[in-house]
Amino acid sequence: MSENLLPQGAGPGADAQRHGNHGSYVIGFGAALLLTIASFGAASTHLVYGPSVPILLGVLAIAQMGVHVVFFFHISSAPDQTNNFMSLAFGIFVVGLIVFGSLIIMGNLNHMMPSMEKIIDMQR
Amino acid sequence: MTSGELTPGIGDDAIPLSERGPAPKRVVVGFGFWLFLLSDIVIFAGLFATYAVLSDAVAGGPSGPTLFDRSRVFTETLCLLVSSVTCGFGLLAIQQRNATRAYVWMFATFVLGALFLKQEIAEFSAMVALGAGPTRSAFLSAFYTLVGTHGIHVTAGLAWLLGMIAQLLTLGFQPMVQRRFFCFALFWHALDIVWIGVFTIVYLGAH
C-alpha cells in the first residue's frame with residue numbers, strides 16, 4: 001500500500017506532504033504580505049473613509065487567516081479532508097460563540113447598568 | 001488535488017469502514033494535533049473577547065494609541081510571516097531528507113522568532129517604564145494577558161524548535177522526528193494566525 005492510499009482520510013497538511021512543493025508557501029506568503037500591507041495602510045493613512053476602516057480591517061484579517069489556512073495549513077474541502085474541515089468549522093463556530101456572545105452580553109449589561117447616582121439613590 | 005488523483009478506497013463504499021484497518025500514525029498524530037490547535041485557539045478567543053470588552057476601560061491611564069508603535073508592530077508581523085514560510089520550507093526539506101536545507105530553514109525560523117520576541121519584550125519593558133504596567137488599568141491587564149499569552153506560545157515554540165534541531169542531529173530523519181516537526185510546523189502557523197487577530201484588533205483597532 002503506497003503513501004497515497006489513505007482510506008481513513010488524510011491529516012492536516014496532507015497535500016503538502018504528497019506533492020511537496022515550495023510554490024504554495026510562496027503564493028501564500030505573497031498574498032499574506034499584500035493583505036498585511038493593506039491592513040496597516042488602511043489603518044495608518046486617510047485613503048479609506050474613516051468609519052469604514054474597522055470593517056475593512058476585519059475583512060482583510062479574515063481573508064489573511066483564510067490564506068494561511070489554505071496555503072500554510074493546506075486544509076481544504078477535499079473528500080479525504082472531511083475530518084479536518086469539519087473540526088475547523090466547529091472551531092470557528094465556538095470562537096464566534098465566545099467572542100460575539102461575550103460582546104453582546106457585556107454590551108447589554110453595560111446598557112442595563114444604572115448610573116452611579118442612581119445606585120447611591122437606591123441605597124438611601 | 002484533482003479528483004483524478006484520488007485513489008480508490010477514498011469515498012469508495014466497496015470497503016466498509018470497519019474493515020479498512022487503523023489509520024496510519026502520521027494521520028492520527030496530525031489530526032490529534034490539529035484538534036489541540038483548535039482548542040488552543042478557543043483559549044485565545046476567550047482572551048480576545050476579554051480584551052474587546054475591556055479595551056475602553058483605561059481608568060484615566062494611557063490608552064492604546066498613545067502607547068503602541070505601529071512601525072514596530074509591522075516589523076514584528078513581517079518576522080512572524082517570513083518565519084512561517086521558512087518553517088514550511090524546513091518541513092519540506094525534512095520530508096525530502098535534505099539535512100543542509102533542513103538546518104538552514106530551522107535556524108532561519110529560530111532567528112526570526114527570536115527577533116519577534118526581542119521586539120515584544122522591548123515594547124513591554126518600554127511600556128512598564130512609562131508606568132503602563134499590567135496593574136495600571138483593566139485595558140492594560142487585558143492587553144498584557146492577550147499579547148503575553150501569544151508571546152509565551154512563541155517562547156514555547158522556540159524551545160520546541162531547539163529540541164527538534166537537537167533531535168535531528170542525534171536521531172536523524174526518523175519517522176517520529178518527521179512527525180514531531182510536522183506538528184511543530186502546524187503550531188508555528190497557528191501562532192501566526194493568532195497574531196493576525198492581535199495586530200488587527202489590538203494594534204490597528206486602537207482608537
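Guide: The model shown here is predicted.

Visitor: What is the handedness of the crossing in which α1(B) passes α5(B)?
Guide: The angle alone leaves this point open, and the handedness is given separately. The crossing of α1(B) past α5(B) is left-handed.

Visitor: Which residues of α1(B) and α5(B) make the contact, and how many of them are charged?
Guide: From α1(B) come B:L47, B:F48, B:T50, B:Y51 and B:L54. On the side of α5(B) are B:A138, B:F139, B:A142, B:F143, B:T145, B:L146 and B:T149. By class, nine are nonpolar and three polar, and the number of charged residues is none.

Visitor: Which kind of secondary structure makes up chain B?
Guide: The C-alpha trace of chain B spans about 70 × 40 × 25 Å along its principal axes. Chain B has zero strands. Its elements run α-α-α-α-α-α from the N terminus on, and the count is six helices.

Visitor: In chain A, at what angle do helices α2 and α3 pack?
Guide: Helix α2 of chain A spans residues 23-44 and helix α3 of chain A spans residues 53-73, with their axes 9 Å apart. The arrangement of α2(A) and α3(A) is roughly antiparallel. The packing angle is about 170°.

Visitor: How many nonpolar residues does the contact of α2(A) with α3(A) have?
Guide: Residues of α2(A) in this contact include A:I27, A:A31, A:L35 and A:A42. They meet residues of α3(A), among them A:L56, A:L60, A:V67 and A:F71. Six residues of the contact are polar and none is charged, while the nonpolar ones number 17.

Visitor: What distance separates the centres of the two domains of chain A?
Guide: Chain A is divided into domain 1, residues 12-76, and domain 2, residues 82-124. Taken over C-alpha atoms, the centres of these domains are separated by 28 Å.

Visitor: Where in chain A is the pLDDT below 50?
Guide: Chain A averages a pLDDT of 84, and 84% of the residues score at least 70. One stretch falls below 50, and it has four contacts in the model beyond near neighbours in sequence. That stretch is residues 1-5.

Methods:
Residues numbered from 1 in each chain as written. Chains lettered and ligands numbered in written order. Predicted model: local features only at pLDDT ≥ 70, side-chain atom pairs only at ≥ 80, totals over all residues. Domains from an automatic or database assignment. pLDDT = per-residue confidence, 0-100. Contact = placed C-beta atoms within 7 Å. Left-handed = near helix turned anticlockwise from the far one by under 90°. Helix = DSSP H or I, 4+ residues; strand = E, 2+ residues; numbered from the N terminus. Nonpolar A, V, L, I, M, F, W, Y, C, P; charged D, E, K, R; others polar. Axes fitted to C-alpha atoms, helices over the stretch in contact; angles between N-to-C directions. Parallel < 35°, antiparallel > 145°, perpendicular 65-115°, else oblique.
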